Amino acid sequence: MEARRARSSGVERIPEMAAATRPAFYWLRSYNCAHMNRMFRVLCSILVAVPLLSEAQAQSHNEKVPVIQGGAGPCSLELTVMGADGKPAYAATVKVHIAYGFGGLRKLDLEAGTNSDGKVKFAGLPARVQRPPLEFHALKDEFEGVAAFDPSTECQAKHDITLEKSKAQDGR
């Protein structure tokens, strides 16, 4: 009667064997195969997904542009700093001094570094400044460059700065 119940439930009983007479693959029973195959598929999919995820994170890291907030108005400027060789300048320092408000009484000094693509964004710049245009000075080692930006004519802008050898270095 017990054999009938076992057959009707779809589970076949494997009689226990002595350790000496067991085949080498005895641990691999038929009821474990489905579970092990499922686990094998999950592990393989994890091994395939991990490199894809890390590559996507690396790409998104390169795309992030550092943003410095001035908090003085609605305008913004995105700069791309290029070296003398035409390649993006990583970790170049970009500075600007802004005088705005009635009589230029309010002053704002901003400084930021570029990312690996040579990009940096200044946001929250005032729409009207004391003496337009604003001059953004980029410095990297002995190279420097300047970009002019007038927020009253172009509130949202993108400009490039090409770094050149500084005049002080040439006079030696």
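Predicted model: local features only at pLDDT ≥ 70, side-chain atom pairs only at ≥ 80, totals over all residues.
Residues are numbered from 1 along each chain as its sequence is written, and side-chain values use heavy atoms, with hydrogens and water left out.

Strands are DSSP runs of E with at least two residues, numbered from the N terminus, helices being runs of H or I with at least four residues, and two strands are taken to pair if DSSP finds at least two bridges between them. By these criteria, five strands form an open sheet with antiparallel pairing, in the order 4-3-6-7-9. Its edges are strand 4 (106-113) and strand 9 (164-165), each of which pairs on one side only. Within this sheet, strand 3 (residues 93-100) and strand 6 (residues 134-140) are paired in the antiparallel sense over three bridges; Val 94 stands opposite Ala 138 of strand 6, and Lys 95 stands opposite His 137 of that strand. Strand 6 is also joined to strand 7 (residues 143-149) by seven bridges, again in an antiparallel arrangement, and here the bridge partner of Ala 138 is Gly 145. In a regular strand, side chains alternate between the two faces of the sheet.

Two aromatic pairs are present in the structure, a pair being defined by ring centres of Phe, Tyr or Trp (its six-membered ring) within 6.5 Å, with planes under 30 degrees apart counted as stacked, over 60 as edge-to-face and the rest as tilted. One of them, between Phe 122 and Phe 136, is tilted, with 5.1 Å from centre to centre and 55 degrees between the planes. Because Phe 122 lies in strand 5 (residues 119-125) and Phe 136 in strand 6, this pair ties together parts that are 14 residues apart in sequence. Ring pairs link Phe 122, Phe 136 and Phe 149 into a cluster. On a scale where buried means under 20% relative accessible area, exposed over 50% and partly exposed in between (1.4 Å probe, protein chains only), Phe 122 is buried at 0%, and Phe 136 is likewise buried at 0%.

Both residues also belong to the largest nonpolar core, which has 25 residues, and they are among the members that touch the most others, together with Leu 79, Val 81, Val 94, Ile 98 and Leu 125. Such a core is a set of buried Ala, Val, Leu, Ile, Met, Phe, Trp, Tyr and Cys residues joined through side-chain atoms within 4.5 Å. Two or more residues are given to this core by each of strand 2 (75-82), strand 3, strand 4, strand 5, strand 6, strand 7 and strand 8 (156-162). When residues up to four places away in sequence are not counted, the contacts of Phe 136 (heavy atoms within 4.5 Å) include Leu 77, Val 96, Gly 145, Ala 147 and Ile 161.

A cis peptide bond, with omega about -5 degrees, joins Pro 132 and Pro 133, and Pro 133 lies in the loop between strand 5 and strand 6. Ala 91, although not a glycine, has a positive phi of about 65 degrees; this residue is placed in the loop between strand 2 and strand 3 and is partly exposed, with a relative accessible area of 42%. Asp 141 likewise takes a positive phi, near 55 degrees, in the hairpin of strand 6 and strand 7, which has two residues between the strands, and at 69% relative accessibility Asp 141 counts as exposed.
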